Amino acid sequence: MRFNVILILLALLCAGCDSSSTGPATVSVQGTVTLDGAPVEGANVYFINGQFSSSAKTDASGAYVLSEGAIAGPNTVYISKLSIPEGAMVGADGAIDEGQMMAMAGDPALANSKSGPKELLPARYSDPGKTELNLSVPEEGSEAANFELVSK
């Protein structure tokens with residue numbers, strides 16, 4: 001009897017351990033980012049749909065692939081490329097820790113100083129509250145979620 005109770009408790013605990021219930025269903029999304037026709041290297045591309053967000057970094061050709069995909073349907077997109085200030089801790093891959101960069105961006109003293117991070121893309125693309133970028137992701141995903149940004 002005691003053994004059966006333990007088995008039932010283990011079964012109930014494992015029911016919540018199913019890895020397929022860790023998040024919403026997503027589809028594959030990839031594309032390119034250009035600014036005035038030139039590829040944008042090192043930009044972070046963010047897709048937001050409700051409570052789920054996903055991001056990717058562009059390569060030298062401006063290409064990106066969302067590692068976690070995106071939820072099919074309407075997504076708000078913003079694309080940010082920050083300059084790396086001198087003295088910032090940079091990883092072996094040349095990337096700055098995103099948490100460190102966001103903390104620096106949120107510090108008004110650093111944002112107004114010459115050593116603080118500087119956004120290199122227009123706010124209408126890079127500011128999550130002002131972005132003009134939206135994309136309705138098809139149910140089958142997209143291999144051409146391209147963003148052709150203009151500086152003026």
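A nonpolar core is a set of buried Ala, Val, Leu, Ile, Met, Phe, Trp, Tyr and Cys residues joined through side-chain atoms within 4.5 Å, where buried means under 20% relative accessible area, exposed over 50% and partly exposed in between (1.4 Å probe, protein chains only). The model described here is predicted: local features need pLDDT of at least 70, side-chain atom pairs count only at pLDDT 80 or more, and totals for chains, interfaces and linings use all residues. Residues are numbered from 1 along each chain as its sequence is written, and side-chain values use heavy atoms, with hydrogens and water left out.

**Core.** The largest nonpolar core holds 20 residues, and those with the most contacts inside it are Val29, Phe47, Tyr64, Ile79, Phe147 and Leu149. Two or more residues of this core come from each of β3 (44-49), β6 (73-80), β7 (133-137) and β8 (147-149). Helices (H or I, at least four residues) and strands (E, at least two) are DSSP runs, numbered from the N terminus.

**Sheet.** Four strands form an open sheet in the order β4-β3-β6-β7, with antiparallel pairing; two strands pair if DSSP finds at least two bridges between them. β4 (52-57) and β7 are the edge strands, each with a single partner, so one side of each is left without a neighbour in the sheet. On average, neighbouring strands of this sheet are turned by 25 degrees against each other, direction ignored; axes are lines fitted to C-alpha atoms, for helices over the stretch in contact, and angles run from 0 to 180 degrees between N-to-C directions. The antiparallel strands β6 and β7 are joined by 5 bridges, and threonine 76 stands opposite asparagine 134 in β7.

**Aromatic pairs.** Rings of Phe, Tyr and Trp (its six-membered ring) pair if their centres lie within 6.5 Å; planes under 30 degrees apart count as stacked, over 60 as edge-to-face and the rest as tilted. The count by this rule is 3 aromatic pairs. Among them, tyrosine 46 and tyrosine 78 are stacked, at 4.5 Å centre to centre and 15 degrees between the planes. Tyrosine 46 lies in strand β3 and tyrosine 78 in strand β6, so this pair ties together parts 32 residues apart in sequence. Phenylalanine 47 and phenylalanine 147 have ring centres 6.2 Å apart and planes at 70 degrees, so their pair is edge-to-face. It links phenylalanine 47 in strand β3 with phenylalanine 147 in strand β8, 100 residues apart. Ring pairs also link Phe47, Tyr64 and Phe147 into a cluster.

| Residue | Relative accessibility and class |
|---|---|
| Tyrosine 46 | 11%, buried |
| Tyrosine 78 | 13%, buried |
| Phenylalanine 47 | 1%, buried |
| Phenylalanine 147 | 7%, buried |
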